[in-house]
Amino acid sequence: MSALSRRLDLRRAKILIVDDNAHSLDILSQILLGFRVRETKSCRSGAEARELIGAQIFDLIIMDAEMPDEDGITVTRHIRSQSKIPNFTTPVILVTAHTSVDKVVKARDAGANLVVRKPIAPAILLSRINWLARNSRDFVSSDDYRGPDRRFKNKPLPEGVDERRADALALTASLDRKMSQDDIDALFD
Amino acid sequence: MSVARVFRPDNRLAKILDGADPASAQELVAAAEGRVTELGESLRGYVREKLPVILSFQGAREDELFGGCRILGEAALGVAEVAGAANMGAIGEIARGLSAMVAGLDATGAWHSEAVKVHIDALAIVSRGDGARTPENDIVLARLAAMRSALGVAE
């Protein structure tokens with residue numbers, strides 16, 4: 001089945017969106033309305049996000065990585081430190097205009113599930129939401145990391161295949177390199 | 001020795017796969033794009049409001065540029081996050097590059113004032129038109145991207 005013909009019903013999804021830029025928040029809200037999401041909560045700061053995350057259960061959190069005072073990466077780290085709250089394992093998609101390798105790795109290591117480049121393309125966001133819905137992944141909780149299990153499947157390498165994720169490792173070789181959406185996704189696979 | 005706990009959490013998002021009245025991804029994307037298009041005028045208004053803040057630094061002295069870099073960076077980030085959705089992709093891309101250079105000052109201490117000035121000048125030229133991605137604007141964007149790459153700007 002092609003990606004575009006997949007059928008989804010997001011009407012019962014409860015989504016939190018966080019962005020300090022009111023227009024960026026508007027764009028996200030309208031995209032989710034287009035996706036037929038009926039229950040969206042929105043806020044414009046990390047502090048408000050923390051309050052909502054502690055008080056309500058969300059199925060997905062979409063958050064700006066760049067916010068004054070407290071950025072989305074810091075809030076993600078906070079969510080992943082709260083093992084007693086229902087949103088401890090809620091998928092987090094960070095959205096950002098800056099996708100340097102360094103930033104994407106920080107987002108991943110903070111426990112984000114995915115990073116999506118801004119300006120957000122509805123097709124890309126929907127495909128990422130679809131992916132999160134279809135791919136239930138283990139969650140790791142340790143002293144150093146709390147978030148989606150990033151380990152590759154534990155199978156022997158087929159003959160002739162390089163050390164796992166050699167292509168992803170090559171991507172991280174230059175920290176200055178701007179990452180395309182495909183490059184970013186490769187770091188989260 | 002720390003111990004890692006590995007478990008499979010409940011995937012609440014999976015409910016979107018089993019709804020009573022699902023729509024195709026194509027329909028949902030089309031609806032979302034339509035709604036974003038309707039925001040166009042308000043987004044363009046926001047970008048036009050922010051552009052003078054950035055362009056006020058055109059021809060600025062070195063100390064003025066450095067002193068105002070935070071204001072410049074905030075305005076540029078705002079434009080970068082939104083302009084593409086308003087069909088002003090060329091403006092958005094230049095603003096993103098500007099924002100990346102200002103962010104680089106915090107991250108690495110590197111301040112590329114001449115490159116910043118070139119970006120502001122390019123923004124002034126591109127914003128004389130509608131700021132959309134055109135073949136001509138793409139040439140400008142490619143040159144600016146090459147400049148930032150040569151300077152090692154993390155984007």
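Buried here means under 20% relative accessible area, and exposed means over 50%, with partly exposed in between. I start with that cut-off because Arg44(B), at a relative accessible area of 25%, falls in the middle class and counts as partly exposed. Please keep in mind that this is a predicted model.

Arg44(B) has a salt-bridge partner, Glu41(B), with the closest N and O atoms 3.5 Å apart. Both residues sit in helix α2 of chain B, residues 40–55, and they are three residues apart, about one turn of the helix.

Next, a pair in chain B that spans two helices. Arg148(B) and Glu93(B) form a salt bridge through their side chains, at 3.9 Å from N to O. Arg148(B) belongs to helix α7, residues 135–151, and Glu93(B) to helix α5, residues 89–108, so this pair ties together parts 55 residues apart in sequence.

Chain A has a salt bridge between Arg50(A) and Glu70(A), where the closest N and O atoms are 2.4 Å apart. This one links distant parts of the chain: Arg50(A) is in helix α2, residues 46–55, while Glu70(A) is in the loop between β4 and α3, 20 residues away. Here the two partners fall into separate classes, because Arg50(A) is partly exposed at 33%, whereas Glu70(A) is buried at 14%.

Over all chains, the structure holds 25 salt bridges.

Now the interface. Chain A contributes 63 residues to the contact and chain B contributes 50. Together they bury about 4,900 Å², of which 59% is on carbon and sulfur atoms. How many salt bridges cross between chain A and chain B? The rule finds five. One salt bridge joins Lys15(B) to Asp59(A), at 2.8 Å from N to O.

On the chain A side, the elements that give two or more residues are β1 (7–8), α1 (22–34), β4 (60–64), α5 (122–134) and β7 (139–141). By residue class, that side divides into 25 nonpolar, 17 polar and 21 charged.

There is also strand pairing between the chains. β7(A) pairs with strand β1 of chain B, residues 5–7, in the antiparallel sense over three bridges. Within that pairing, Ser141(A) stands opposite Arg5(B).

Definitions and conventions
Residues numbered from 1 in each chain as written. Chains lettered and ligands numbered in written order. Predicted model: local features only at pLDDT ≥ 70, side-chain atom pairs only at ≥ 80, totals over all residues. Heavy atoms only, no water. Contact = heavy atoms within 4.5 Å. Buried area = accessible area lost by both parts, 1.4 Å probe. Salt bridge = Lys/Arg side-chain N within 4 Å of Asp/Glu carboxyl O. Helix = DSSP H or I, 4+ residues; strand = E, 2+ residues; numbered from the N terminus. Nonpolar A, V, L, I, M, F, W, Y, C, P; charged D, E, K, R; others polar. Pairing = 2+ DSSP bridges. Buried < 20%, exposed > 50% of the residue type's maximum accessible area, 1.4 Å probe, protein only.
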